[in-house]
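Please open the model in your viewer and keep the selection panel at hand. The tour goes from one selection to the next and says what is there at each stop.

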Amino acid sequence: MSRIFEYFVVCGIGPEIRTIDGSKGYHGTACMYLPSLLDQYPPPNHTLYPPPPPQLSTCVLPAGVEFHSSGFDSNDPSTFPRSYPIVLTEGDGSKIYVSCISFRDPVCEDIAEAYRIQANSYADKCICLVSRLPSFSVLRSALEEIFALCFSSTGSRRPLWDVIAHMVSSVPLPTPGKERVLFAIENCLLSVEVPPNDGLPHADISFQPLVQCLDVDNLIVLNEYVRLKYSLLTLVSEYSLLTLVSEAICHLIYPFRWQHVYIPLLFFSGVDYIDAPTPYMMGLHSGVDTSTLTMDGVVVVDLEYNLITTSEEIPPIPEPEFSFLRGEIMKLLYPNVIGIDEMKAGIYSLSEHYPKLRAKPWGEEHDLQLRMIFLKFFATVLSGYRNFLENSTTHVFNSQAFLKKRSRSTNQPTEPMVNCGSCHRLCSPFEGRSKRNFGSDENYNLLDKLQDAIGRGQNPMSVLPSSSAEPEILTVSDSDVGISGSGAKYTYDRFPSNIRTEEQEEKRKQILAAVSNAFEYSGRHTPSKDPLADTLSPLERAAERERMVLDIKVKLQGLWLRLLKLGATDDPLSSFEYGTILALIESDAEGIGGSGFVECISEHIHSGWDCQLTEEQFIAVKELLKTAINRATSRNDFLTIRDALEVSSDMHKKDNNNVPDYVQRHLISLSIWEELRFWEGYFDHLMEQSSNKSANYASLVTAQLVVLTSHMAGLGLPDSDAWYMIETIAERNSIGSKQFIKIRGFLSHIQQLRNGYWGITSMKAQSVLSHALSSPHSKDVKDDSQQPTEATGVGRSWVQSMFSRNTTTRSSSFSRVRRWTSDGGSSATNENGTPRKQDLSSGGQKKLQTNVRVLRGHNGAITALHCVTKREVWDLVGDREDAGFFISGSTDCSVKIWDPSLRGSELRATLKGHFRTVRAISSDRGKVVSGSDDQSVLVWDKQTTQLLEELKGHDGPVSCVRMLSGERVLTASHDGTVKMWDVRTDRCVATVGRCSSAVLCMEYDDNVGLLAAAGRDVVANIWDIRASRQMHKLSGHTQWIRSIRMVGDTVITGSDDWTARIWSVSRGACDAVLACHAGPILCVEYSSLDRGIITGSTDGLLRFWENDDVGIRCAKNVTIHNAAILSINAGEHWLGIGAADNSLSLFHRPQERLGGFSGPGSKMAGWQLYRTPQKSVAMVRCVASDLERKRICSGGRNGLLRLWDATINI
């Protein structure tokens, strides 16, 4: 059941207090603080619904949270609660509507005690109702009833959160135009209904605020700026006006849609977004200072002063449409004035098309009339646009011909009309749209109806659906009606908290305990806390400080030792030890906490500790060292930074190959390493501490530079950055050329060793070095596209490459440094797109073959990937040449076909037709089918790449597609349906399955006609398509089902509840539950030869399960991947695996072992790791395997495909 209310949310001050600028802790009432999400219904552990938007808490309290000394005062309007709506936009463009009430609420006692906040203090709090339905009135009414019920003196019959839970979970979404839902909150009856879908879009707002704030001319100009995609900033002092005006503007540009950044109420800390280079529509409180922003080209609309200012000018609106638009709006807004003029001319009615609105207060009729006026304006301007949709392969809109036609119909010169910028921009939304899209788009259907009505001289209102039929009444009953009780009333002096789970309560206590301990340890050096400070002598004050420093270090020593005892099941970042150490580091202005923590580690190392950390300890230590170095950097405390760098080079963990992974490698994101002055100071310290003062000076300098070089390579500084700083220090100390060559050789050698295993480390940002020299690191390289070198043995010795430099960079940035002659190699391209030197042999350039190729072509993240298998393309002649092709889909809305056999020119074809993200791909001998978030399924000819059919019928994004025999296509969607299509007739044969929520995975057995589908409704559904009946609803999972596999009578499902289940199709029962993972199971696979099961999870583990006489047992665990397992593809003797961190692996089961499978424990254990390529730095969205040719392809968020050919051994 779809519900009106998605969430009830409470936001305010939580246990972790942080100011708007990011400072932790409580800093008094003069600061504003970041709000947190405190409570919600449904709770976070609810299985059926996704969590609220992460930006919700920041947006509902846009100014932040303020502390107050008093609460509500009936004599002080500034203390009154405020009610206002906001609108959030998700990444796919869908809107979330939120009604908010902000008020002052007492600060929780445990928070006040932990942060030493004055007793009886108040802080801003906000309660919100979240919905996908734009019914602002019912959202506001329901929320205000909840608020009044909470603070009512008479109280409520039930606990407040029970009332909230019943309202959120029980009120259904009414069918548009057919139903009206009635529901009650205590004694208040509320109703909600939705207009029909074939009329104007649902707008439950009043347009009166817009026409009250702007005059007619400014209203028309504003509409033009929005429609022509200018950046728009609205200013006013009322939150409600910002959202209502922004929504009204969006409705007045119908049938066009605003598809760019949309933030009607911008939170104050996001004011820098106003300088964004892309078009946007934002609203901001007029009290926020924007004087420091450039706002070049931004249209600023001041609603309080009816003023529009901008540096951009729009071309004039074409006539006679402009005069018509202005006149119609004037009639609507000022009927008495217009009526006087009309009576003088002997006209007694306002209009034959519109009813009389004179002397009536503004209401829904006025809103409708205003919308129809603008729609009629667009219908008139775009009259006959369909005749200029060219019937060609591109289906583009011929704007030149359309404008020439307008010039003839309006008797205006052709050339000015063709060159009219406004007319061109009017046509721009149509260009590139297919004729098929026009015919199925409801927006343009209504526009066409209005154009036809205008042409026939009919009333424009006749195009809207009639509301003569009375809607069906649906009544939501109160859950406690008819239940006798004690008659007790529930009253509150503050908005109550929802019941917390034990885990939530424990985490809250740990956070507050860490804060309280930090105050206990570091509070004594705060002058306001020590009344004797003014009476102490300088010596006494120094002694007191020494005692305080010693006390903190003793505490840190104990916490550090306990931190090293964290177990494998402990969460390091939520432990008491981690939280307390972090609080001591961050709350200490003098740096005692940070330096003391680093000193504890150093002393522990000198006492004989082997410096090896577990995974849990490694995470905690890494984060604590980053914080300590950041704090020391802000104080220019180079001593602490230096010590932290040295201890980080000793502490390590062992990776899966038993190779030490040092903490130092994970500190590269800190900006201090890019500063030359730090390394110069560190070098001077090493020279002062050198014990071999009698040695040759050049040798002494060289030895210390080698130490610096080791740290730079350990951090992963780019080679050019590291060598620039080493070379600068070396030149300052006048060492000879032999020492230069030795140091350069050492740096090249360790960089190659490091990059060969770990890959090239991506820097956090390109910063400026201390002498105003730009970083030599390329500014074009993006973090998510950084890739490692494919092998260390590239045939290039360090002598040949050690002085290679980009000459342009040398001349501009390194003019102070000695110039070296670069080798004469020509440049090639690495995976990250940066230049790379290659060898030149006497016979010419040698082409290196690698086992990993990077395929470029997409401009957005890869979201779908399919491998054309031998089974798909087999025919009577044999295997077709396209077996082994890979087909990819992306957020750039395109589908691309790749031929791995054509090394260097793999891209065979690009298929364009979708206008939103491609989510699913399938193929057969002659066709490719793709499903998209645009709710359509496109069928292409694989050979000619022509678009054959567009299958439309789904009401949500298409999540799964599959080509079947007999020219059929099976599709599943987020609308909960599974449909079968006949490609030859371009129609839906049947809706073969219906789920109660989005379908995320689907399996079909074409031999027996059985369909299995599952998703967000946590049920695996089995249908017999040939018998047209549902066989089973397999219930047992408690969270979303992400993967499903059906083989014969067995169905395997993997879920977000961390379990996989094995079901019997014939019996409709669960045979086994596989529950050994520590995260959601994203993929499951069945090994048919030995009847084994393989599961992959977000915990990075690959588990092999087998059936024996005892039952299902885990026969083998594989831990070579460190991120979520995204794909498992099993054949008879080969198994392909892909993970989210771009790591791939291929497993092999030797044929000679097949004879021994009858023995227990020998089946699934026969799978052995065959080969794995070097991992690259990229986040992967999807993986596909071609086991026949031993190829695995991964698609990354950076738009790159990484094709691994395991038959090439590098």
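Is cysteine 893 buried or exposed? Select cysteine 893: at 17% relative accessibility it counts as buried, where buried means under 20% relative accessible area, exposed means over 50%, and partly exposed lies in between (1.4 Å probe, protein chains only).

Before going further, note that this is a predicted model, in which local features need pLDDT of at least 70 and side-chain atom pairs count only at pLDDT 80 or more, while totals for chains, interfaces and linings use all residues. Residues are numbered from 1 along each chain as its sequence is written, and side-chain values use heavy atoms, with hydrogens and water left out.

**The cysteines**

Move to cysteine 867, which is buried, with a relative accessible area of 6%. Its sulfur is 8.8 Å from the closest cysteine sulfur, in cysteine 1193, and that is too far for a bond. The structure holds zero disulfides, a disulfide being a pair of cysteine sulfur atoms within 2.5 Å.

**The whole chain, coloured by confidence**

Now colour the protein by pLDDT, the predictor's confidence in each residue, from 0 to 100. The average over the protein is 77, and 77% of the residues score at least 70. Confidence is highest in strand β6 (residues 122-131), at 95, and lowest in helix α26 (residues 798-801), at a mean of 31. Over residues 762-849 the pLDDT is below 50, although this stretch has 180 contacts in the model beyond near neighbours in sequence; a contact means heavy atoms within 4.5 Å. Residues 875-879 also have a pLDDT below 50, with five such contacts.

In secondary structure view, the protein shows 28 helices and 52 strands; these are DSSP runs (H or I, at least four residues, for helices; E, at least two, for strands), numbered from the N terminus. Of the 1210 residues, 52% are buried.

The buried residues of α8 are Glu321, Leu325, Glu328, Ile329, Leu332 and Leu333. They cover an arc of only 125 degrees around the axis, so they are on the same side of α8; the arc is that of the directions from the helix axis to the C-beta atoms.

Then select helix α23 (residues 697-715). Its buried residues include Leu700, Gln704, His711 and Met712, and just after the helix glycine 716 takes a positive phi of about 95 degrees.

Which residues does histidine 604 contact, leaving aside its neighbours within four places in sequence? They are Trp560, Leu561, Leu564 and Trp609. Histidine 604 itself is in helix α19 (residues 592-606) and counts as buried at 16% relative accessibility.

Finish at serine 648, in helix α21 (residues 638-648), which counts as buried at 0% relative accessibility. Leaving aside neighbours within four places in sequence, serine 648 is in contact with Leu625, Tyr662, Val663, Gln664 and Leu667. The C-alpha atoms of serine 648 and tyrosine 662, which are 14 residues apart along the chain, are separated by 6.9 Å.

Definitions and conventions
The expected span of a helix is 1.5 Å times one less than its number of residues.
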